[in-house]
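The points are grouped by topic.

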Amino acid sequence: SGLDVRDHVHVLLANNPEEFVRAVRKALSDKKLYDTLRKNAFDLIHKSYNWETIAKRLEIAYEEIKKS
């Protein structure tokens, strides 16, 4: 159900265009924040959204469907 991301850890969330602009400006002006978001997002993608992990999840889902 959605992506497993957290605000200010993997992404900067925004609810409207003005908040989006502020978030982008903040990330571009704060190197430490930018580097943290970049590293955390990269690590999350490689851990949770690689083909091997996705294939395992699909296999489990298919097995559950077969049991029904």
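**Salt bridges and helices**

Lys-66 and Glu-63 form a salt bridge through their side chains, with 3.6 Å from N to O. The model is predicted, and a search of the whole structure finds 6 salt bridges in it.

- Lys-66 and Glu-63 are 3 residues apart in helix α3 (residues 51-67), so about one helical turn separates them.
- Lys-66 counts as exposed because its relative accessibility is 63%, over the 50% limit.
- Glu-63 has a relative accessibility of 35% and counts as partly exposed, since this value lies between the limits of 20% and 50%.
- Side chains of opposite charge can pair when their charged atoms come close.

**Pairs in helix α2**

- A salt bridge joins Arg-38 to Asp-35, and their closest N and O atoms are 3.8 Å apart.
- Helix α2 (residues 31-48) holds both Arg-38 and Asp-35, which are 3 residues apart, or about one turn of the helix.
- The relative accessible area of Arg-38 is 47%, so this residue is partly exposed.
- Asp-35 is also partly exposed, at 24% relative accessibility.
- A network of salt bridges links Lys-31, Asp-35 and Arg-38.
- Another salt bridge brings together the side chains of Lys-39 and Asp-43, at 2.6 Å from N to O.
- Both Lys-39 and Asp-43 belong to helix α2, where they are 4 residues apart, about one turn of the helix.
- Lys-39 counts as partly exposed at 47% relative accessibility, and Asp-43 counts as partly exposed at 35%.

- Helix α1 (residues 17-29) has 13 residues and should span 18 Å at 1.5 Å a residue; its end C-alpha atoms are 18 Å apart, so the two values agree.
- A side-chain oxygen of Asn-16 comes to within 3.1 Å of the backbone nitrogen of Glu-18 at the start of α1.
- Helix α3 has 17 residues and reaches 24 Å from its first C-alpha to its last, close to the 24 Å expected at 1.5 Å a residue.
- The N-terminal end of α3 is capped by Asn-50, which has a side-chain oxygen 3.0 Å from the backbone nitrogen of Glu-52.

**Nonpolar core and surface patch**

- The largest nonpolar core has 5 residues in all: Leu-12, Ala-23, Ala-27, Leu-33 and Leu-37.
- Helices α1 and α2 each contribute at least two residues to this core.

**Separation in sequence and in space**

- Phe-42 is in helix α2 and counts as exposed at 51% relative accessibility.
- The C-alpha atoms of Phe-42 and His-10 are 8.4 Å apart in space, while the two residues are 32 residues apart in sequence.
- Ser-29 is in helix α1 and is exposed, with a relative accessible area of 62%.
- Between Ser-29 and Glu-63 there are 48 Å in space, C-alpha to C-alpha, and the two are 34 residues apart in sequence.

**Residues outside the helices**

- His-8 is in the segment before α1, and its phi is near 65 degrees, a positive value in a residue other than glycine.
- With a relative accessibility of 41%, His-8 counts as partly exposed.
- Ser-68 is in the segment after α3 and is exposed, its relative accessible area being 81%.
- A polar atom of the Ser-68 side chain lies 3.1 Å from the backbone oxygen of Glu-64.

Technical notes. Residues numbered from 1 in each chain as written. Predicted model: local features only at pLDDT ≥ 70, side-chain atom pairs only at ≥ 80, totals over all residues. Heavy atoms only, no water. Expected span 1.5 Å × (residues − 1). Polar contact = N/O pair within 3.5 Å; in protein donor to acceptor, adjacent residues only side chain to side chain. Salt bridge = Lys/Arg side-chain N within 4 Å of Asp/Glu carboxyl O. Buried < 20%, exposed > 50% of the residue type's maximum accessible area, 1.4 Å probe, protein only. Core = buried A, V, L, I, M, F, W, Y, C linked by side-chain atoms within 4.5 Å.
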